[in-house]
Amino acid sequence: MGSKHNPPGNSRSRSSLSLIVVVALCCFFYLLGAWQKSGFGKGDSIAMEITKQAQCTDVVTELDFKPHHNTVKIPERLADPKPISFKPCDVKLKDYTPCQEQDRAMKFPRENMIYRERHCPPENEKLRCLVPAPKGYMTPFPWPKSRDYVHYANAPFKSLTVEKAGQNWVQFQGNVFKFPGGGTMFPQGADAYIDELASVIPIKDGTVRTALDTGCGVASWGAYMLKRNVLTMSFAPRDNHEAQVQFALERGVPAIIAVLGSILLPYPPRAFDMAQCSRCLIPWTANEGTYLMEVDRVLRPGGYWVLSGPPINWKTYYKTWNRTKADLNAEQKRIEEITESLCWEKKYEKGDIAIFRKKINDRSCDRPTTVNTCQRKDTDDLWYKEMETCVTPFPKVSSEEEVAGGKLKKFPERLFAVPPSISKGLINGVDAESYQEDIKLWKKRVTAYKRINRLIGSTRYRNVMDMNAGLGGFAAALESPKSWVMNVIPTITKNTLSVVYERGLIGIYHDWCEGFSTYPRTYDFIHANGLFSMYQHSCKIEDILLETDRILRPEGIVIFRDEVDVLNDVRKIADGMRWDTKLMDHEDGPLVPEKILVAVKQYWVAGGDGNSPSSSADNSSEEE
């Protein structure tokens, strides 16, 4: 009942009106909040959001990106289940390479170097532990000092200092290795050797950007090619020249464990502008020239091949090489016959060096009718595919002046020009417009990363990997002489590695259900975009993370982008791997379902407690 001062009708009317006002205000403030978070109407709202995240004390300041080798405890999150804690592996596994282990390798045939190829452990033999760093491990010297010096504790192998003492590969001085820049065929240094090559090959003007070094030793050629702004993919097997690839990566030079054997190299056709063999001891005339045919497959039309060492200059060295004149003369003639059948021309031979150039197309190529042409339907489908004794055909051209596969701009213009694979419509779902959008997207994302961690882009993170590289946008946005990026194209996704190389970047095919072809502790910064969503039904996330940990250096960083539910699963595992982790909003705001996981690998060593002192602080002062 209503009182005599407030009739029932008036009371109900005012109550209804009040309810409507309250609801209207709630809706207004909800829409206002959503509008603000969406980024519209705030000027450079994305940059403001990133800056806010980068300065937020409860987001990133607990992650320490500077190398000091102290353990940082992770605040416990009461809502999360306790993570699995992974134990360290035995100290004898500190240099463990899952797919190139000696004991497993010796079970395979030595014919065609099969035993030196990838042989990965079955599921029941995979390690479920953390590969330790050796005692005394130190953050590598910053580039370019790292080119010439490596801490002995990081790769304590002295055999090459004795075996290659007269060739200036490496010298042991106190607690460091020094790399004078020499090689078997250039004991006085790589610079003079490269200068001679540059008298024939256009190395200096950006025409040559990507190179392949087959049987690289400690990768001094690749190290000094970087002075010419040439990225060299170096490879060598894990053999009796212990740690040669490990030395290369400690020096800050791109390299992988690999061999010319029975399976195709993990690179697309027409990837490299030049290739070289400097006394690499590869039997080029064996198997009817199959190895030369494989180099031809990955060599770009118009590219160069350098051969220095046997049998070149055999008249001078036949006694030193313990071979007869007739044998060496016959070998050189056979090499020249094979190169001619590949449409290569010999452009130079003087002293110890011979240089061949692959023709730009097959219009002027007079191949013998006996040459077998490869019939592969998909020339990019090559993971674990066997080599064949056949010549990869040139792409078709309409004139004698046209470069087969498309002409490339000189570097650095090449980095952002539309690659031929895209302009010709060879990459499904990618055209010139979407390619340009990808460039803009990754420039924005890398800018956001640099706000999260201001050391990104400095020499602190020299060796960088993108585990799911796509069109190479991340690497292109990060491009700098201070770092290089290994662009990995997973074998289960769209094949875009040809685009990566056409941009003047380097990369490799890989299946992340297996171990990567490198030593432990070889990358400073590992990035992955959507990788775990891609692999969640193919193999265990745990295995991918343990492999990531194996190849990541102590105090190195990872940045993963993925759906929030996937990253929550990743984080639960990573928290048990001695990583300090933070889950962050997308740079466009919290309403975007994709999130960013940033992590720092703690410093710890075999037999240590994770709090060992280090002199890496001395190195950090040299970072730029």
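Residues are numbered from 1 along each chain as its sequence is written, and side-chain values use heavy atoms, without hydrogens and water. Because the model is predicted, local features need pLDDT of at least 70 and side-chain atom pairs count only at pLDDT 80 or more, while totals for chains, interfaces and linings use all residues.

I start with strand E13, residues 506-510. Strands (E, at least two residues) and helices (H or I, at least four) are DSSP runs numbered from the N terminus. Five of the five residues of E13 are buried, so the strand is largely enclosed by the rest of the structure. Buried means under 20% relative accessible area, exposed over 50%, and partly exposed in between, with a 1.4 Å probe and protein chains only. In a regular strand the side chains alternate between the two faces of the sheet. In E13, Ile-506, Ile-508 and His-510 are on one side, and Gly-507 and Tyr-509 on the other.

What about its partner? E13 pairs in the parallel sense with strand E12, residues 484-490, over five bridges; pairing requires at least two DSSP bridges. Ile-489 has Tyr-509 as its bridge partner.

Next, Trp-305 in strand E8, residues 299-308. Trp-305 is buried, at 1% relative accessibility. Leaving out residues up to four places away in sequence, Trp-305 touches several residues, among them Trp-284, Trp-344 and Phe-356. Contact means heavy atoms within 4.5 Å.

Last, Glu-542 in helix H17, residues 541-551. Is Glu-542 buried or exposed? Glu-542 is buried, because its relative accessible area is 18%. Beyond neighbours within four places in sequence, Glu-542 contacts Phe-86, Arg-128 and Ile-573.
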